[in-house]
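Keep the structure open while you read.

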Amino acid sequence: MTDMMHAVEISEPGGPEVLRPCKRPLPVAGYGQVVIRVAWAGVNRPDALQRAGSYAPPKGASDLPGLEASGEVASVGPGVDWPKAGDAVCALLPGGGYAEYVATPAAHCLPVPAGMALREAACLPETFFTVWSNVFQRGGLQSGERFLVHGGSSGIGTTAIQLASAFGARVFATAGSADKCQACRDLGAERAINYKDEDFVEILRGEGGANLILDMVGGDYIRRNVQTLADDGRLVQIAFLQGPKVALNFAQIMTRRLTLTGSTLRPQSDLAKARIAEALREQVWPLLDAQRVAPVMDSEFLLDEAAQAHARIESSGHIGKIVLKVS
């Protein structure tokens with residue numbers, strides 16, 4: 001092993017073209033950390049936001065993009081009981097996934113599910129951590145409740161549909177084409193709503209309203225989501241593709257006992273992420289081992305083709321996850 005590795009960095013804020021290959025020093029496993037020899041890295045919208053200059057990495061994190069990866073543990077820092085060197089894992093990362101090696105807290109690693117290839121395993125951490133923490137922990141989704149997820153064909157959406165269905169919820173999803181709506185239905189959505197020619201507010205109100213909504217659109221969807229909620233309903237916001245600001249009458253929040261909440265994953269503490277990982281291992285990984293849920297794969301690119309991968313995710317033409325083949 002040399003002391004340098006191949007990686008892809010953000011040369012300056014901008015479009016996909018600002019991603020460029022580079023050489024970086026090999027990471028070293030600190031206390032409680034492991035270094036992973038990356039086989040595959042997931043590509044997510046937060047990577048594109050970071051590249052554009054609107055989502056800075058937290059203090060101490062690598063400036064390289066990449067929030068999830070799979071591969072083999074190359075080295076283990078002090079204070080780590082699991083995983084061991086040589087173990088195959090997938091992991092949530094503070095950054096740095098677009099590289100041959102990456103350091104991350106050992107507690108953010110999870111075993112590769114039974115029978116799953118590393119390519120698919122690389123797609124699990126970012127979306128499954130996000131969905132579990134927001135839909136089930138923060139949103140409190142219960143069996144039998146009506147759940148609406150926007151962007152149903154995205155990595156988050158396809159994961160949310162499967163997990164909500166597996167835990168007994170009635171699932172509704174929005175998407176922007178017939179093919180994407182069919183993909184949502186195939187994954188377990190009771191109703192897929194083409195937002196270009198159907199009104200999700202009207203459809204969900206006809207069903208009694210949504211008990212829980214997971215939204216990453218924002219903008220005017222915030223007002224419409226509140227209209228869509230059943231009494232005592234919950235709205236969980238995880239992104240703002242159309243902006244974070246809207247005029248909203250808060251009287252209905254009180255009179256209908258609504259809950260508006262949200263979170264972002266990356267800035268949370270290592271301990272908070274470790275607790276999410278523990279819950280996933282106990283409650284979701286058995287579903288993956290049994291192949292009751294699985295990541296939906298869209299496309300793959302070589303590491304040096306990261307710019308093409310970013311163009312793909314920003315086109316919104318994808319269904320499911322995009323990955324980079326690293327080694």
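## A lysine, a sheet and the whole chain

Let's start at Lys-321, which sits in strand S15, a strand covering residues 321-325. Bear in mind that this is a predicted model. Is Lys-321 buried or exposed? Its relative accessible area is 3%, and since anything under 20% counts as buried, Lys-321 is buried.

Leu-260 belongs to strand S13 and is partly exposed, at 33% relative accessible area. Not counting residues up to four places away in sequence, Leu-260 touches Val-226, Leu-235, Leu-248 and Ile-253. If you want a sense of distance, take Leu-260 and Gly-53: they're 207 residues apart in sequence, and their C-alpha atoms are 28 Å apart in space.

| Residue | Strand | Relative accessible area |
|---|---|---|
| Lys-321 | S15 | 3% |
| Leu-260 | S13 | 33% |

Which order do the strands take? Reading across, it goes S10-S9-S8-S11-S12-S13, an open sheet of 6 strands with parallel pairing. Strand S10 (191-194) and strand S13 (259-262) are the edges, each pairing on one side only. From one strand to the next, the twist averages 20°. Helix H5 (residues 178-187) packs on this sheet, where it touches strand S9 (170-175) and S10, and the direction of H5 makes about 165° with that of S10.

Zoom in on one pair within the sheet: strand S11 (residues 210-215) and strand S12 (residues 229-237) run parallel and are joined over 5 bridges. One of the residues involved is Ile-213, whose bridge partner in S12 is Leu-235. Leu-235 is also among the residues that Leu-260 touches.

Finally, step back to the whole protein chain. There are 11 helices and 15 strands in total. The radius of gyration is 19 Å, close to the 20 Å that the globule rule gives for 327 residues, so the chain is as compact as a globular protein of that length. Along its principal axes, the C-alpha trace spans about 60 × 40 × 35 Å. Of the 327 residues, 55% count as buried. Among contacts between residues at least 6 apart in sequence, 66% join residues at least 24 apart. The accessible surface comes to about 13,500 Å², with 51% of it belonging to carbon and sulfur atoms.

Note on methods: Residues numbered from 1 in each chain as written. Predicted model: local features only at pLDDT ≥ 70, side-chain atom pairs only at ≥ 80, totals over all residues. Heavy atoms only, no water. Pairing = 2+ DSSP bridges. Helix = DSSP H or I, 4+ residues; strand = E, 2+ residues; numbered from the N terminus. Axes fitted to C-alpha atoms, helices over the stretch in contact; angles between N-to-C directions. Contact = heavy atoms within 4.5 Å. Rg over C-alpha atoms; globule rule 2.2 N^0.38 Å. Buried < 20%, exposed > 50% of the residue type's maximum accessible area, 1.4 Å probe, protein only. Areas by Shrake-Rupley, 256 points an atom, 1.4 Å probe, with all protein chains shown as cover.
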